[in-house]
Amino acid sequence: MVEYRIDRRSGVATYVQIVQQTKQALRLGVLEPGDKLPTAREVVEATAINPNTVLKAYRELEREGLVEARRGLGTFVRRSLGSAPADHTALRSKLTAWLDEARKEGLEREDISALFTSVLDEKCPEGER
């Protein structure tokens, strides 16, 4: 099951963070079709956010066709995202080693993010598959 982490300092709307984290879980295979998302109450208890924010995020995911609400049962995943197989163990291991090296070089989280994003943008331009 997915566990949402809300970063109140990010400048990203809370409901957007939930949508993004759900999509990430779908891409990584953490969530699969048929899986149940946490209830709004569970998310509120874990993150101390407004229940309407959770419902707004779930409605957005439903609008995109990723989840479906079943009255009295909860919200369930309809489809996954991404075309790559869910097992990225080797790539994750290499990325972890790269992050460890970046930290040893003294880079902070924001520096690492900026570096990774710049290379990602260079190698995988928006709109390109």
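Tutor: Start with helix H1. Its buried residues are Gln17, Ile18, Val19, Gln21, Thr22, Ala25 and Leu26. The model is predicted: local features need pLDDT of at least 70, side-chain atom pairs count only at pLDDT 80 or more, and totals for chains, interfaces and linings use all residues. Residues are numbered from 1 along each chain as its sequence is written, and side-chain values use heavy atoms, with hydrogens and water left out.

Student: Why is Thr22 called buried?

Tutor: Buried means under 20% relative accessible area, exposed means over 50%, and partly exposed lies in between (1.4 Å probe, protein chains only). Thr22 has a relative accessible area of 0%, so the residue is buried.

Student: Which residues does Thr22 touch?

Tutor: Tyr4, Leu31, Leu37 and Leu61, leaving aside residues up to four places away in sequence. Contact here means heavy atoms within 4.5 Å.

Student: What do the buried residues of H1 pack against?

Tutor: Helix H2 (40–47), helix H3 (51–63) and strand E2 (74–77). Helices (H or I, at least four residues) and strands (E, at least two) are DSSP runs, numbered from the N terminus.

Student: How do you know that the span of H1 is close to the expected one?

Tutor: The expected span is 1.5 Å times one less than the number of residues. H1 (residues 14–28) has 15 residues, and 21 Å is expected. From first C-alpha to last, H1 reaches 21 Å. Gly29 follows H1, with a positive phi near 80°.

Student: What makes the phi of Ala48 worth a look?

Tutor: The phi of Ala48 is positive, about 60°, although Ala48 is not a glycine. Ala48 sits in the loop between H2 and H3.

Student: Is Ala48 buried or exposed?

Tutor: Exposed, because its relative accessibility is 63%.

Student: Why does Glu32 count as partly exposed?

Tutor: Glu32 has 43% relative accessibility, so the residue falls in the partly exposed class. Its place is in the loop between H1 and H2. Glu32 and His88 are 56 residues apart in sequence, and their C-alpha atoms are 15 Å apart in space.

Student: Which residues make the nonpolar surface patch?

Tutor: Leu95, Trp98, Leu99, Leu115, Phe116, Val119 and Leu120, over about 560 Å². Patch residues have over 30% relative accessible area and no salt bridge; like charges are joined within 9 Å, nonpolar side chains (Val, Leu, Ile, Met, Phe, Trp, Tyr) within 5 Å. A salt bridge is a side-chain nitrogen of Lys or Arg within 4 Å of a carboxyl oxygen of Asp or Glu. Areas come from the Shrake-Rupley method with a 1.4 Å probe; for residues, only the protein chains shown count as cover.

Student: Where does Leu115 sit, and why is Leu115 called partly exposed?

Tutor: Leu115 is in helix H5. Its relative accessible area is 37%, so Leu115 is partly exposed. Helix H4 (89–104) and helix H5 (109–123) each supply at least two patch residues. H5 gives the largest share, four residues.

Student: What pattern does the chain follow?

Tutor: Along the sequence, α-α-α-β-β-α-α. Of the 129 residues, 23% count as buried.

Student: Which residues does the annotation "domain: HTH gntR-type" cover?

Tutor: Residues 12–80, according to an unreviewed UniProt entry. UniProt positions are given in the numbering used here, feature names are shortened, and annotations may be inferred rather than shown by experiment. The span is 52% helix and 12% strand.
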